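Please open the model in your viewer and keep the selection tool at hand. The stops below go from one selection to the next.

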Amino acid sequence: MNRAPVVSSNLLAVGHDPKTKVLEVEFQSGRVYTYAGVSAQRKTALLKAPSLGSYFHKNVRTSYPFKRLK
């Protein structure tokens, strides 16, 4: 999955596959996680949030099943 760089002190890049509803997040630490069941609307809201890290922690991190890739 292609990830696009984002401006955030916590997140480095974000990718999303609307067909499978998988969100892929690369953190500044280098770790990469996938989150299942994330809608395109939720991804858009994340990218438009004033603080991507805060939005991610409140609305994605604990709300969707995840898997660490790296």
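Which residue forms a salt bridge with E26, and how far apart are the closest N and O atoms? Select E26 and R3: these two form the salt bridge, with the closest N and O atoms 3.1 Å apart, where a salt bridge is a side-chain nitrogen of Lys or Arg within 4 Å of a carboxyl oxygen of Asp or Glu. The pair links distant parts of the chain, since E26 is in strand 3 and R3 in the segment before strand 1, 23 residues apart.

Before moving on, note that this is a predicted model, in which local features need pLDDT of at least 70 and side-chain atom pairs count only at pLDDT 80 or more, while totals for chains, interfaces and linings use all residues. Residues are numbered from 1 along each chain as its sequence is written, and side-chain values use heavy atoms, leaving out hydrogens and water.

E24 is buried at a relative accessible area of 7% and E26 counts as buried at 15%, whereas R3 is partly exposed at 31%; buried means under 20% relative accessible area, exposed over 50%, and partly exposed in between, with a 1.4 Å probe and protein chains only.

Next, colour the strands (DSSP runs of E, at least two residues, numbered from the N terminus, as are helices, which are runs of H or I of at least four residues). Five of them form an open sheet in the order 1-2-3-4-5, with antiparallel pairing, two strands being paired if DSSP finds at least two bridges between them. Strand 1 (4-5) and strand 5 (66-68) stand at the edges with a single partner strand each, so one side of each has no neighbour in the sheet. Three bridges join strand 4 to strand 5, and the bridge partner of Y33 in strand 5 is R68.

Finally, select the largest nonpolar core, which has 16 residues, with L11, L23, V25, F27, Y35, L46 and F56 making the most contacts inside it. Such a core is a set of buried Ala, Val, Leu, Ile, Met, Phe, Trp, Tyr and Cys residues joined through side-chain atoms within 4.5 Å. Centre the view on F27: leaving aside neighbours within four places in sequence, F27 is in contact (heavy atoms within 4.5 Å) with N10, L11, L12, Y33, Y35 and F56.
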